[in-house]
Every structure is written in structure tokens, then in C-alpha cells.
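Subject: Structure for you to look at

Dear colleague,

I am passing on the structure we spoke about, and my notes on it follow below. Please read them with the structure open beside you.

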Amino acid sequence: MFFERPDAGETAVLVHVDFQDEKEREDPGEFLELVRSAGAVPAILLTGSRKRPDSRTFLGSGKLEELREALGVHGAELVIFNHGLSPSQQRNLERELECRVIDRTGLILDIFAQRARTHEGKLQVELAQLEYMSTRLVRGWTHLERQKGGIGLRGPGETQLETDRRLLRGRIKAINKRLDKVRGQRDQNRRSRARAEIPSVSLVGYTNAGKSTLFNALTEAKVYAADQLFATLDPTLRRLEIEDVGPVVMADTVGFIRHLPHKLVEAFQATLQEAAEASLLVHVIDAADPDRELNVEQVETVLDEIGALGVPTLRVMNKIDLLDSAPRIERDGEGRPEMVWLSAREGKGLGLLEQALSECLADDVIDFSLSLGPEQGRLRAGLHELGAVREESFDEHGQTRLQVRLPRRDFLQLMARLGERAEDYLPASLSEREAWEESP
């Protein structure tokens, strides 16, 4: 990398420490899944407990010796910590153990680097890696910075350090510039959808909650879905038809995780903005996970960071096949859907989810009948084109009787296009409403 480090290996010794502060605690089970997702082979998980990390090596001398012995016994070449390490702690551990050491943030970044497929995703991951490495670079070369500058005193160490710093800053600047263009394109696409009044739905949730499986089941897409953490990294958009709503853009987003590195949140701002500006968030939750409430809290923490906590949200309790539970919709006191129980893998409850999406997104759906004469053929054709006609009959006078059902905005737009007044065709109970006086 930017300084000499021992070569990495596939066999790893894992380290997990329990601290008294609940907020600092990590999940060892999730840690194992992260390690496997990165492609490493866990040799042994060393656990311990401390009040606070040691400032120099994170671990105490006894646990450090135990770690050194485990490396020898298992022939491992890599140590992975389930915690964030400071640059100096990481460097000191590598000197003591004579092998490569990475922390939780480095592990997650490695998984992201493996999973990125699109140009944007690769740029975002590289930016996060460079930001992460920038502090490691400076600390890693501290021993060379003792050579002071000045005529006749500039040593090769300082020259190399400054060169690396300059290259690093230049690359970060170049990536940010390219990502600004990506953000501009995404903003333009979102504005286009807003002008066309196409609602957007973003799937969010803890990693491995089943978002991609649900996305594939609803949209018939072929997004990679697997029982592993961060199976999806790059966002995918698909068009979905919802009854009483029409076309909807659905986005599958990257999964969240406990203590998601802040640099990743910053780097993926362009991607996560899809969630912040969505018409509706579908928060997918693993109903069978014993830590599901903690996972919900973590997702909401990230949503708050990106300014998406105020977006209307429908919760989906997925994987009910593991609970022997039946699909159902739970509603609030006013009858609005607030939670859908389903199994995306088995396809159970998908119809209920579409019904809930329709109720959440439908903007004042109207259902009424009207009579049209032969001269109003354009209006009749327009209603058929919108798929709004439920029943149609004709009388002996050539009048057409229609029973229609459609969103308010679609009817207003049709009336405006034909130069007609909406209230002339609506029952008194609807035409008296102020909403119908508004232009589309």
C-alpha cells in the first residue's frame, strides 16, 4: 500500500472484545458473517472484556500474547478486529504480531470493494478507501517525519511522504469531481420523475434483511441476491405498475449495518439520496432476527444522517416462513397500512404488499360514474387510455355510461389536456371540494 506491510493471507484470527458501554458493543455473530463475506477463513475467534481499549495496542499484554500464540498454532497471516482501530494501534499491532492487522472499517471497505460493479459504485468505494487510508498514510510514516526540511536536510523519507500525500489528495479531488457529475445526473433524473409525477419507492433496511429478494419478486428483476452481508452494493432502479397509482420507480439500495463507517455514508451520499428524496420508504426487516429492534434503530440512525427520517415509511416484516406466521397487513388507528408481514423468498404476501403500496401512494383515488355523448369521444378514449374504465354500457340514445376509478391527479391532467372543467363531470360531493379547483 503506501507503507511496507506484511502480506495478507486468507486464514484469519478474529478478535472481539466486550466493553461496558453498550453503544460500543458489536455483535460477534455478525462479525463472523462479515469475515466470511470478505472471503477470509476464520481460524479462531478470541474474545475478552475490558473497560476501555489500551491506547497503544487496543488489547492488554496477556490477550496480545494469546493472540500471538493463536497465529502460530493456526498458521494464520491475518488478524481482524471487530472494532475500529486508531492508525497508531493498527501499526503497533502489526509490529508486535508481524502480520497484517485490519479493523472493522477496513473489513467493510474490503467487502464493498469486492461487490462494486458499476462505475459509480467503484468510485464511491475508492473514495471511502482513500479517505480511510489518508490517516493511515500519515501515521504510518511518522518515523520519517522526524527528518526536518531545509536546505541540505531534506531526506528521501520526507520526499516520499509528501509525494504520497500529494498523489492521495489529487486522486481524492479527481474522484469527488467525477462523483459531482454523477450526483448532478441523479438529481436531473429525480427532477424528471418529479415533473412526470412518477412516485419513487426506495427499499431500505439492515444488510441481509431480504431487500434484493423482495425487489426481484416485485419487479421480476435479476438483482444478485444471496444470504450474505452486502450482497447488493450498487443501486438498481426498476419500473413497477401499482393499481390506482400507475407507474412507480422502485430502488434497491445498499444495506445498512451497525456502526456503518461514516466515510462510507459520505461516499455513498449520491446513492443514498434516492432514499432521502423518495415518495415512500419500504423498510425491510428480518422478522426472524432476534436483534431486529436493534437493527431497526441502526437503520433509522443512518436515515437520520442522510435526512430521510421524515419520509413516509411502510415497514415490511420479511422471512415469516422462518416464524410459521401468516401474511397480513397491520394498520394504524386511522386504517392506514403501517406494516406488512410476508415472505419474499416464498412469494407469500406479495399481493398484500402491493395493496399497501397502492393505499400509501394513491393520491385521492376517485371512483364515480359519468355519462358521455358521442361528441365526447376524446374524453372516453382518454379514460380508456389511462385504464380507468371499470364498466361501460350504452343506452338507446347513444349515450355511453362509464364507471371509472383513477387517481385525482390523472383525472385533472386529462381534463386540462382536453380543455375541460373537472367539476362539470364529478358528483356534487366531489366537485365541491377545494382540491378539484386546483390546476394540475
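On helix α12, the face turned away from the buried side carries two exposed residues, Arg378 and Glu385. This is a predicted model, and everything that follows should be read with that in mind. The buried residues of α12, which spans residues 377–385, are Leu379, Gly382 and Leu383. Because these residues cover an arc of only 100° around the axis, they lie on the same side of α12. In general, an α-helix has 3.6 residues a turn, so residues three or four places apart point the same way. What do the buried residues of α12 pack against? Their partners are the strands β12 (365–372), β13 (389–394) and β14 (400–407), together with the helix α13 (408–418). Just after α12, Gly387 takes a positive phi of about 70°.

How do the axes of α7 and α11 cross? The axes of α7 (residues 211–219) and α11 (residues 350–361) come within 11 Å and cross at roughly 80°, and the two helices are therefore roughly perpendicular to each other. At this contact, Leu214, Ala217 and Leu218 in α7 meet Leu350, Leu353 and Glu354 in α11. The residues of the contact divide into five nonpolar, no polar and one charged.

There is also an open sheet of four strands, in the order β2-β1-β3-β4, in which the pairing is parallel. Here β2 (41–50) and β4 (100–102) stand at the edges with a single partner strand each, so one side of each is left without a neighbour in the sheet. Neighbouring strands of this sheet are turned by 20° against each other on average, direction ignored. Strand β1 (residues 11–19) runs parallel to strand β3 (residues 78–81) and is joined to it by four bridges, with Val13 standing opposite Val79 in β3. Helix α2 (residues 61–74) packs on this sheet and touches β1, β2 and β3, its direction making about 170° with that of β2. Helix α3 (residues 87–97) packs on the sheet as well, touching β3 and β4, and its direction makes about 150° with that of β4.

Finally, please look at Ala116, which is placed in the loop between α4 (104–115) and α5 (119–140). Is Ala116 buried or exposed? At 5% relative accessibility, Ala116 counts as buried, because buried means under 20% relative accessible area. The C-alpha atoms of Ala116 and Glu126, which are 10 residues apart along the chain, are separated by 9.9 Å.

Note on methods:
Residues are numbered from 1 along each chain as its sequence is written. This is a predicted model: local features need pLDDT of at least 70, side-chain atom pairs count only at pLDDT 80 or more; totals for chains, interfaces and linings use all residues. Side-chain values use heavy atoms; hydrogens and water are left out. Axes are lines fitted to C-alpha atoms, for helices over the stretch in contact, and angles run from 0 to 180 degrees between N-to-C directions. Angles under 35 degrees count as roughly parallel, over 145 as roughly antiparallel, 65 to 115 as roughly perpendicular and the rest as oblique. Contact means heavy atoms within 4.5 Å. Ala, Val, Leu, Ile, Met, Phe, Trp, Tyr, Cys and Pro count as nonpolar, Asp, Glu, Lys and Arg as charged, and the others, Gly among them, as polar. Buried means under 20% relative accessible area, exposed over 50%, partly exposed in between (1.4 Å probe, protein chains only). The arc is that of the directions from the helix axis to the C-beta atoms. Two strands pair if DSSP finds at least two bridges between them.
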